[in-house]
Amino acid sequence: MKRNLTIGTRKSALALWQAEYIKKALEGHDSELTVTLEHIVTKGDKILDVPLARIGGKGLFTTELESRLLTGTIDLAVHSLKDLPADLPDGLCLAAVTARTYVHDVLVSNHYDSLDALPQGACVGTSSLRRRAQLLAYRPDLTVRDLRGNVDTRLKKLDDGEYDAIILAEAGLHRLGLANRISQLLPTDIMIPAVGQGALAIETRTDDDELKQALAFLCDPGTTAATTAERAFLAAINGSCQVPVGVYGRAKNDQLILSCIIAAPDGSRAFRHQTTGLLTSGAALGQEAAKTLLDCGGRQILTDLGITPAE
């Protein structure tokens with residue numbers, strides 16, 4: 001294997017933390033290895049004044065990194081798994097999925113300590129259709145406004161009084177040392193996380209067997225099984241990270257518990273499902289859960305959004 005590796009990463013503080021985390025893990029595992037970071041700007045980073053769902057398409061935060069992988073100018077890319085589309089380009093593969101600890105979405109507010117404490121009509125910021133849909137399903141009285149930018153930018157907008165509260169990922173705040181900003185950890189019966197939320201994904205070239213083998217130590221079996229089910233669900237509905245869908249898999253002994261939701265963006269319709277299966281049958285469990293939700297009303301929600309689920 002090469003003794004010098006290049007990691008492709010976005011330039012945000014959170015993306016750099018994630019890339020540095022993998023860099024340190026690799027160099028700690030192999031003292032003869034040198035790892036450098038290559039900063040890459042993605043489409044999602046460039047367009048900051050338009051809601052993500054309106055930009056459309058898959059891979060808003062990954063396509064440019066994947067292009068560099070395919071041309072061989074970087075050796076691996078580090079992603080938040082929730083940003084990675086279910087279907088990867090030909091020639092690329094998911095070499096490792098790291099253990100995840102912080103999975104939930106959280107409420108951040110300077111004046112209110114919970115979602116229930118928000119006054120009627122309170123303004124909540126999020127750029128995610130998934131979060132918007134579940135917020136409005138639980139509290140249809142809230143005003144939900146789009147919120148773009150990195151974590152620091154979003155927090156500044158909150159602090160400047162543009163919002164009464166905002167919704168962020170628990171993992172990002174912990175990784176940036178900002179866990180003290182969390183007002184409430186949102187339970188999954190209110191807010192089911194995004195596919196792969198909290199896990200890091202290491203993507204590389206399919207034919208680089210040596211590198212894939214070298215990355216194997218980073219892979220967490222339980223998280224891999226759970227996120228395999230989550231990504232199978234996403235693939236079955238032909239979705240991306242910008243659809244009003246939440247899926248959360250939990251490994252428990254040899255079992256996998258999968259909770260999922262498809263909801264209308266305005267929260268007026270929400271279809272939930274929970275199922276349990278063997279840890280080794282994650283892909284099948286995800287596909288079956290998707291079919292159940294599609295058949296009970298989720299298909300119409302997605303069709304209304306211009307999404308044609310896989311048959």
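This is a predicted model: local features need pLDDT of at least 70, side-chain atom pairs count only at pLDDT 80 or more; totals for chains, interfaces and linings use all residues.
Me: Fine. How many helices and strands are in the protein?

Reply: Helices (H or I, at least four residues) and strands (E, at least two) are DSSP runs, numbered from the N terminus. Here the protein has ten helices and 13 strands.

Me: What does the radius of gyration say about the 311 residues?

Reply: The radius is taken over C-alpha atoms, and the globule rule is 2.2 Å times the number of residues to the power 0.38. For 311 residues a compact globule would come near 19 Å, and the protein agrees because its value is 19 Å. Its C-alpha atoms fill a box of roughly 60 × 45 × 35 Å along the principal axes.

Me: And what share of the residues is buried?

Reply: Buried means under 20% relative accessible area, exposed over 50%, and partly exposed in between, with a 1.4 Å probe and protein chains only. Buried residues make up 52% of the 311.

Me: Let's turn to sheets. What is the strand order in the open sheet of five strands?

Reply: Strands of a sheet pair through backbone hydrogen bonds, either parallel or antiparallel. In this analysis, two strands pair if DSSP finds at least two bridges between them. The order is β7-β6-β8-β5-β9, with mixed pairing. The edge strands, β7 (143-145) and β9 (184-185), each pair on one side only. Strand β5 (residues 105-108) runs antiparallel to β9, joined by two bridges; Leu107 has Gln184 as its bridge partner in β9.

Me: Which strands form a hairpin, and how many residues lie between them?

Reply: That is β12 and β13, with six residues between them. Nine bridges join β12 (residues 255-263) to β13 (residues 270-278), and the two run antiparallel. Within the pair, Leu258 stands opposite Thr275 of β13. In the turn, Gly267 has a positive phi of about 75 degrees.

Me: Where is there a positive phi in a residue other than glycine?

Reply: Most residues other than glycine have a negative phi. Asn253 is a case with a positive value, near 55 degrees. Asn253 sits in the loop between β11 (245-252) and β12, and it counts as exposed because its relative accessibility is 72%.

Me: Now a strand residue: is Val97 buried or exposed?

Reply: Val97 belongs to strand β4 (residues 92-97) and counts as buried, because its relative accessibility is 4%. A contact means heavy atoms within 4.5 Å. Pro221 is 124 residues from Val97 in sequence, yet their C-alpha atoms are 8.4 Å apart.

Me: And Thr62, which residues does it touch?

Reply: Leaving out residues up to four places away in sequence, Thr62 touches Thr42, His79, Asp83, Leu84 and Pro85. Thr62 lies in the loop between α3 (52-55) and α4 (63-71), and it is buried, with a relative accessible area of 0%.

Me: How do contacts look across the protein?

Reply: Among contacts between residues at least 6 apart in sequence, 67% join residues at least 24 apart.

Note on methods:
Residues are numbered from 1 along each chain as its sequence is written. Side-chain values use heavy atoms; hydrogens and water are left out.
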